[in-house]
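Kindly read each point with the structure open.

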Amino acid sequence: MYNILVVDDEPLICKGLSSVLASSGIDISAIHMAHNGYEALDVLRTDDIDLLVTDIQMGSMNGIELMQQAKLIKPWVQTIIISAHETFQYAQMAIRLGAKDYLIKPLNNEQFLDSVRNVLLKLRKPEPTEQEELIAGMQEHFHMDELNPRSVEWLNQLVSEQPSLKVQDIAAILKEKHGIVLEGPYYSMIRIRLNLSDRNRELSKTDEKLLRYAALNIVNELFDEHWNRTAFYASERDINIILQWNETQYGTAASSGLMNELDMVGRSLHFNIQKYLGMTSVIGISQILKGIEFIDVLHDQVIKALGCNERHKDHYVFYYGDFNWNQYSQRPTEEEFTAQTSLIVEKAMEYINLNYAQKGLTLHEVAQNNHVSPNYLSYLFKKETGYNLWEYVVKLRMEESKRLLLNTDMRRYEISEKVGYESPEHFSKIFKKYYGMSPSELKK
């Protein structure tokens with residue numbers, strides 16, 4: 001069963017779409033509604049949402065911004081954008097961020113439901129028995145279109161510390177003989193390490209090969225035509241992905257938060273490999289550097305990023321820039337690693353304590369102030385404090401609102417404004433969920 005969030009600043013449209021969904025016969029568990037982006041983010045933070053249906057033009061946070069923030073919270077949430085205008089710029093940005101459809105108001109009910117059904121159909125998670133059947137079926141019937149072994153050899157030469165030829169010469173061979181064009185000039189790398197031992201039974205070499213190939217197909221599904229990427233096997237359980245951007249592409253992507261996009265893709269890779277192949281993976285993400293001569297540096301970065309899993313075995317996506325490697329000439333000790341991660345959480349708490357009442361405060365803002373990825377900050381914060389980061393923000397807001405209710409004559413809308421909520425109604429909803437009674441009931 002699916003959970004759907006409908007967001008529109010016009011309550012009638014929100015209710016109308018929710019009513020259409022409720023009577024559609026689709027296997028829906030819950031339909032949530034929000035009337036602005038900030039309310040929607042609170043729902044996304046506290047509930048499991050499979051599909052976000054959002055208007056594009058809404059007050060202080062538009063649908064594109066909401067989609068960006070939603071992807072930071074849960075990259076696997078699917079999105080359908082609705083709009084009163086066929087604005088090419090909006091449509092292009094929405095599709096780049098992974099929107100599954102862009103529908104124009106007034107909506108045709110059947111067209112809307114067809115779009116929802118198509119998205120939800122692709123979300124269905126295979127059962128464990130189906131996963132085994134998938135592997136068996138691949139083994140019996142599927143003819144793998146394997147990567148050219150020679151091009152894989154050259155690609156691994158390209159990223160090695162001591163290549164047999166100059167990097168530029170290897171790039172020329174890949175272009176002329178294998179049709180692989182690496183012209184950048186901006187590059188990044190992602191490395192996936194498959195935990196093949198997660199499978200419930202001992203795997204044959206053929207099964208391992210099939211799973212690795214299936215993982216490569218998931219890579220190619222997630223990196224659509226908007227990404228210029230080259231994926232290849234780095235070992236029996238590792239897959240390397242070289243990403244590249246020309247000057248124009250880099251400028252466009254960087255303005256919308258390119259490192260956040262890489263983090264989202266990394267989390268989506270881990271999520272989908274576990275969902276469809278029934279095994280975990282560890283994802284290492286490098287920085288973005290200009291010049292193919294730094295490709296070996298990027299490779300070294302993803303290896304170091306993967307190594308963080310040794311310290312954080314319950315976390316699976318690591319960005320090289322989350323740890324300040326430059327402080328150490330050698331591999332950091334356990335104490336040095338722990339001290340640096342504790343400092344990240346300490347600084348985050350300080351920032352939240354000062355800014356929790358700010359309207360529109362986001363995880364991205366807290367992470368950006370700390371110079372780490374939102375994903376890594378969320379993980380460390382929970383590990384060190386026992387609180388989900390946003391639970392901590394809500395805790396501070398609720399404690400302050402309770403203090404104001406009991407010790408001042410401030411009205412509900414004034415308190416709502418003071419602790420950072422967009423509307424008194426949304427504030428009351430969060431308050432009742434937190435304390436089990438409404439603000440007025442507590443006041444009495």
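Which residues of β3 are buried on one side, and which on the other?

1. This is a predicted model, in which local features need pLDDT of at least 70 and side-chain atom pairs count only at pLDDT 80 or more, while totals for chains, interfaces and linings use all residues. Residues are numbered from 1 along each chain as its sequence is written, and side-chain values use heavy atoms, with hydrogens and water left out.

2. Leu-51, Val-53 and Asp-55 are buried on one side of β3, and Leu-52 and Thr-54 on the other. Buried means under 20% relative accessible area, exposed over 50%, and partly exposed in between (1.4 Å probe, protein chains only). Because 5 of the 5 residues of strand β3 (residues 51–55) are buried, the strand is largely enclosed by the rest of the structure. Helices (H or I, at least four residues) and strands (E, at least two) are DSSP runs, numbered from the N terminus.

3. Strand β1 (residues 2–7) runs parallel to β3 and is joined to it by 4 bridges; Val-7 has Thr-54 as its bridge partner. Strand β4 (residues 78–83) is likewise parallel to β3, with 5 bridges, and Asp-55 is partnered by Ile-82. Two strands pair if DSSP finds at least two bridges between them.

4. The largest nonpolar core has 42 residues, of which Ile-352, Val-366, Leu-377 and Leu-389 touch the most other members. Helix α16 (389–407) is among the helices that each supply at least two residues, and α16 gives the most, with 9 residues. Domain 2 (128–322) and domain 3 (332–443) both contribute, so the core lies between them. The domain bounds come from an automatic or database domain assignment. A nonpolar core is a set of buried Ala, Val, Leu, Ile, Met, Phe, Trp, Tyr and Cys residues joined through side-chain atoms within 4.5 Å.

5. The whole structure holds 18 salt bridges, each a side-chain nitrogen of Lys or Arg within 4 Å of a carboxyl oxygen of Asp or Glu. In one of them, Arg-45 pairs with Asp-42, the closest N and O atoms being 3.1 Å apart. Both residues lie in helix α2 (residues 37–46), 3 residues apart. Arg-45 is buried at 18% relative accessibility, as is Asp-42 at 7%.

6. Another salt bridge joins Asp-47 and Lys-433 (3.9 Å, N to O). This pair links distant parts of the chain, 386 residues apart: Asp-47 in the loop between α2 and β3, and Lys-433 in helix α18. Asp-47 is partly exposed at 22% relative accessibility, whereas Lys-433 is exposed at 59%.
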